[in-house]
Amino acid sequence: MTNSMDTWRSLLSERNSDEVVTKALVRDVRLPYGAGTMALITLDNGFDHTKPSTFGPHGLFALNGALSEIAQRTDLAAVGVTGKPFVFAVGADLKGAAGLATREEALAIGALGHHVFRRLGELAIPSFAFVNGAAMGGGLEIALHCRYRTISAGVPAVALPECFLGLVPGWGGTQLLPRLIGPANAIKLIIENPLSQNRMIKGADAYKMGVADAMFEPADFLEESLRWAARVVKGEVTVERPARADDWAKAVGDARFLVDMKLRGASPAPYRALDLIALAETATRDEGFAAEDEALADLLMSDELRAGLYSFDLVQRRAKRPAGAPDAALARKVTKVGVVGAGLMASQMALLFARRLEVPVVLTDLDQARLDKGVGYVHGEVDKLLGKGRVSQDQANRLKSLVSGSLTKDAFADADFVIEAVFEDLAVKKQVFAEVEAVVPAECVLATNTSSLSLTEMGAGLAHPERLVGFHFFNPVAVMPLLEIIRGAATDDATLATAFAVGKALKKSSVLVKDAPAFVVNRLLTCFMGEVVAAVDEGTPLETAEHALDGLGLPMTPFALLQLVGPAVGLHVAETLHEAFPDRFGVSENMAKLVASGKPGVYRPDFTLDPEAVALFAGGSSPSTAEEVRARVLAALAREIRVMLDEGVVAAAQDIDLCMILGAGWPFHLGGITPYLDRSGVAEPRFLAPGVASLPA
């Protein structure tokens, strides 16, 4: 690809005609201490922080024009780049990326980004990035191309999320970052964090890793950055970056092993990123950037990118505007929360309510020992947060004071929201709510964390069943982003609106679900697990069935998932679904044997198979191949999703996709479960209307 702006303009100018252009606004700033004049570029798309600055072709042309004018000047001592309030820049325009029609266009956008960004590091004068806010993807890469970087201690997000979407950091990230902070640290930002639910780091963490050379407080960040830059220009401050003695091959090899364990070869992007990081050890800048261009061009044309963009759109847009949620104005204020139970799940919920709502939370249980254990768990977790510097001593003291225990439900007399987390038995839960209803105020919301039971049956004996709502968390509560909010037959709009408001305050992504057995995630996981177990019961070797779906890159294998949730829980949900749908859900006698044995699953603590547990599944005489197990599982999932959509369990197929991505770890690169089943030919008729997910069949 020739470095011709005319060539790039002819290829890309007509693409993404609705691009929100990020302008490069240049102003002269007199540096302190007589250090001269800096041309300060502010990246700004004209909107507030809720619409971060991104780069499509026109934004890159704008930045290139600004740099061309700066390069012609002879009166400048330095150039600086910063962002609009709260945002530095967040990288490529993803809408534009989805609209690229040919590999030539994809190659052009990669080469154009390299051409423009690298100019910052190749000017005759020193360049400074003043990272004042969120810096992600290409935004972080702009900063990496500058010779020096400062960062605000208040920056909430620094990340290279490309592998999360099916891409690589293709504008210099894979080449510049490992040389700056070493391959091991670079791999954390480029691969490990994106594959861990797109984890971000904060400004202080980026500074500690060596991404930035200096850090200043938000209140006077730009002023202090300019003072620091002036001293660098005058030679009063010398930036020393420690030599990196990392074993490059070992860092890449270890990461490749971890990616194999997580994805089992299912998504190409992390592997291409690792190849590029390995290349960075010896490649020239031109060689490395050219390799990034080729990788970016391949991946921009891939099914995985289209799938990742569909998933990203669900998480970023649909999750923030839940389909079917009532008017938020109907929500009641919550000033105190009650939690029935003090076990692990209940204690996790209590901590989350206290942290996010900052209101008193009281737990109840049957005896003092259980209460003490539950409250003690919360206090212990707060101490961990304090030790990690995530809360101050004052905040830790306040959190601890908010969470208390009581042996009597009278403590709920002034609660606005009471949730139960007791044994998954309908009779037990009905008794709990009868006792709670007798003491709580008239408008108190009653919420259940049930994973499979009917809300309508649960509320049948209540005087006011309209205030009962399902509020189904996933374990671990603090980590899993999904909240299934279930509307029972009698649940009124005010109760439902309050539930959604609380879910939002807890920073969860909420999906409205009809009162149907096991709701969405557990229903589909039980369907999935049931077919795998049935194949083993019929004689398929457990290891064959266990790894039949490895090619999908699921977060864990079926029996590993069973080990996590516990065989007793898995059996209970299977029994619940069998009772509701005996023609589609079976109950494995061998699974019942596993539960009766008291074993935690088929794996030992070192995650080797337990021969005694495996032997409980022996005896079948009709084994299947791995391919047959995979086809069987996918066909069953397609069938069940079709039934769920016909029943109106959720508003649309996109809500099932959202639930599976956020609640079951369905991989981003597969683009949601329904488009995957569509394009694999399993779903007939197709789940999504044409154009909803622009994925090849």
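1. Two strands count as paired if DSSP finds at least two bridges between them. The model discussed here is predicted. Strand 4 and strand 6 (residues 134–136) pair in the parallel sense, over two bridges. Within strand 6, A134 is the residue that V87 stands opposite.

2. The sheet is open and has three strands, in the order 4-6-8, with parallel pairing. Strand 4 (87–89) and strand 8 (158–159) are at the edges. Each has a single partner strand, so one side of each lacks a neighbour in the sheet.

3. Now the cores. The largest nonpolar core has 79 residues. Those with the most contacts inside it are I41, L63, F88, L177, I191 and L300. Helix 4 (residues 103–122) gives the largest share of this core, seven residues. A second, separate core has 74 residues, including A516, L561, I656 and M660.

4. Which residues is L177 in contact with, leaving aside its neighbours within four places in sequence? They are L144, L160, G172, G182, A186, L189, I190 and V211.

5. Next, a helix pair. The axes of helix 4 and helix 13 (residues 285–300) come within 8 Å and cross at roughly 145°. The crossing is right-handed. From helix 4, the residues that meet helix 13 include R103, L107, H114 and E122. On the helix 13 side, R285, F289, D293 and L300 are among them. By class, this contact has eight nonpolar, two polar and nine charged residues.

Key:
Residues numbered from 1 in each chain as written. Predicted model: local features only at pLDDT ≥ 70, side-chain atom pairs only at ≥ 80, totals over all residues. Heavy atoms only, no water. Helix = DSSP H or I, 4+ residues; strand = E, 2+ residues; numbered from the N terminus. Core = buried A, V, L, I, M, F, W, Y, C linked by side-chain atoms within 4.5 Å. Buried < 20%, exposed > 50% of the residue type's maximum accessible area, 1.4 Å probe, protein only. Contact = heavy atoms within 4.5 Å. Axes fitted to C-alpha atoms, helices over the stretch in contact; angles between N-to-C directions. Left-handed = near helix turned anticlockwise from the far one by under 90°. Nonpolar A, V, L, I, M, F, W, Y, C, P; charged D, E, K, R; others polar.
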